[in-house]
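Hi,

Here is the structure I promised to pass on. Have a look at it first, and then read my notes below.

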Amino acid sequence: MRREPHAARDTEAGPSPAPLGIYGKYSPALQASRREKYQLQNAARKLRQGFPVTRCLRWAIPHSHISIFHATEFGKAFYGGLETCGSVWECPVCAAKISERRRVEVLAAMTTHKASGGQVLLLTLTNPHYFGDDLPALLAGQAQAMRRFWSTRAAKRLQDSMGFVGSIRALEVTHGANGWHPHFHILLFVDRGLDLERIRREFFAMWSNCCRLAGLPAPSFKHGVTVEDGSKAEKYVSKWGLENEMTKGHIKKGKAKGRTPFDLLRDYDNKAEKQAGALYVEYC
């Protein structure tokens with residue numbers, strides 16, 4: 001192993017740099033978060049033997065050197081020449097990196113759209129779920145409903161009335177007392193000054209019909225569809241785990257009523273909860 005030269009930077013006499021992993025101006029909370037991501041990745045490796053996460057940052061890329069790089073801009077050190085799995089869904093380390101880049105891109109898109117006179121709404125779609133429901137079946141049904149959702153004439157009319165430019169969709173999955181709870185959060189890039197209650201009613205009629213045609217239980221108006229204004233949309237994107245470098249719904253720590261997939265992995269690792277590990281594997 002060899003150490004790559006640092007980029008040029010101002011230096012002063014002082015103590016030698018700390019070892020890899022704690023070099024730089026980290027707060028204790030960020031250090032703890034980084035340690036936890038690698039600890040959770042190790043737990044995922046135990047549960048996912050034979051899958052790419054098992055090799056992530058443990059295996060060298062063929063015919064390459066294993067090197068250590070230092071990013072002077074952020075004060076972080078990292079290895080080069082190691083395989084990464086690139087799984088945003090099941091690898092805590094890769095998920096944090098990929099999702100953070102996505103968060104920055106989404107915020108840039110929102111800023112540009114608002115600067116041009118538009119606004120961004122947050123649309124949330126879900127349907128009833130029950131303990132014992134099969135997660136693959138739920139996801140398949142919701143995927144079918146979502147395909148119909150944007151392809152109907154009613155959807156086209158509604159898009160035209162909103163000045164619809166585009167959307168960004170995120171799938172979140174939690175597990176609670178009522179079993180698996182997959183749901184969609186969708187950022188809508190539209191005109192300003194819209195009647196959100198009217199839009200919500202139209203979205204609800206569309207989503208209810210799509211769920212029915214996909215064989216899913218009919219959603220209620222209270223819980224099945226919400227449409228929230230730009231401030232809520234921006235808060236949703238901005239809160240993606242900045243306090244612990246975790247930036248997507250399946251990564252953040254869930255509320256008391258539901259656990260995210262990485263909560264399940266955390267409980268498997270910290271509490272030796274075998275059922276949590278089994279649920280994490282089912283999710284993967």
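A quick definition before the helices come up: axes are lines fitted to C-alpha atoms, for helices over the stretch in contact, and the angles between N-to-C directions run from 0 to 180 degrees. Also, please keep in mind that this is a predicted model.

With that in hand, start with helix 1 and helix 2. They pack at an angle of about 130°, and their axes are 7 Å apart. The two helices are therefore oblique to each other. Helix 1 brings Lys 37, Tyr 38, Leu 40 and Gln 41 to the contact, while helix 2 brings Pro 92, Val 93 and Ala 96.

Helix 2 covers residues 92-115, and its 24 residues should span 34 Å at 1.5 Å a residue; the end C-alpha atoms are 34 Å apart, so the two agree. Its buried residues include Pro 92, Val 93 and Ala 96, and also Arg 103, Met 110 and His 113. Just past the end of helix 2, Gly 117 has a positive phi of about 105°.

Strand 8 runs antiparallel to strand 5 (residues 166-176), and two bridges join them. Look for Gly 176, which sits opposite Gly 258 of strand 8.

Which residues of helix 9 are buried? They are Ala 276, Gly 277, Leu 279, Tyr 280 and Tyr 283. Viewed down the helix axis they fall within an arc of 160°, so they line one face of helix 9. Lys 274 and Gln 275, on the other side of helix 9, are exposed. The cover over the buried residues of helix 9 includes helix 1 (28-47), helix 3 (135-149) and helix 8 (261-271), along with strand 5, strand 6 and strand 8.

Is Thr 174 buried or exposed? Its relative accessible area is 17%, and buried means under 20%, so Thr 174 counts as buried. Leaving out residues up to four places away in sequence, Thr 174 touches Gly 179, Trp 180, His 181, His 183, Arg 259 and Thr 260.

Cheers

Key. Residues are numbered from 1 along each chain as its sequence is written. This is a predicted model: local features need pLDDT of at least 70, side-chain atom pairs count only at pLDDT 80 or more; totals for chains, interfaces and linings use all residues. Side-chain values use heavy atoms; hydrogens and water are left out. Two strands pair if DSSP finds at least two bridges between them. Helices (H or I, at least four residues) and strands (E, at least two) are DSSP runs, numbered from the N terminus. The expected span of a helix is 1.5 Å times one less than its number of residues. Buried means under 20% relative accessible area, exposed over 50%, partly exposed in between (1.4 Å probe, protein chains only). The arc is that of the directions from the helix axis to the C-beta atoms. Contact means heavy atoms within 4.5 Å. Angles under 35 degrees count as roughly parallel, over 145 as roughly antiparallel, 65 to 115 as roughly perpendicular and the rest as oblique.
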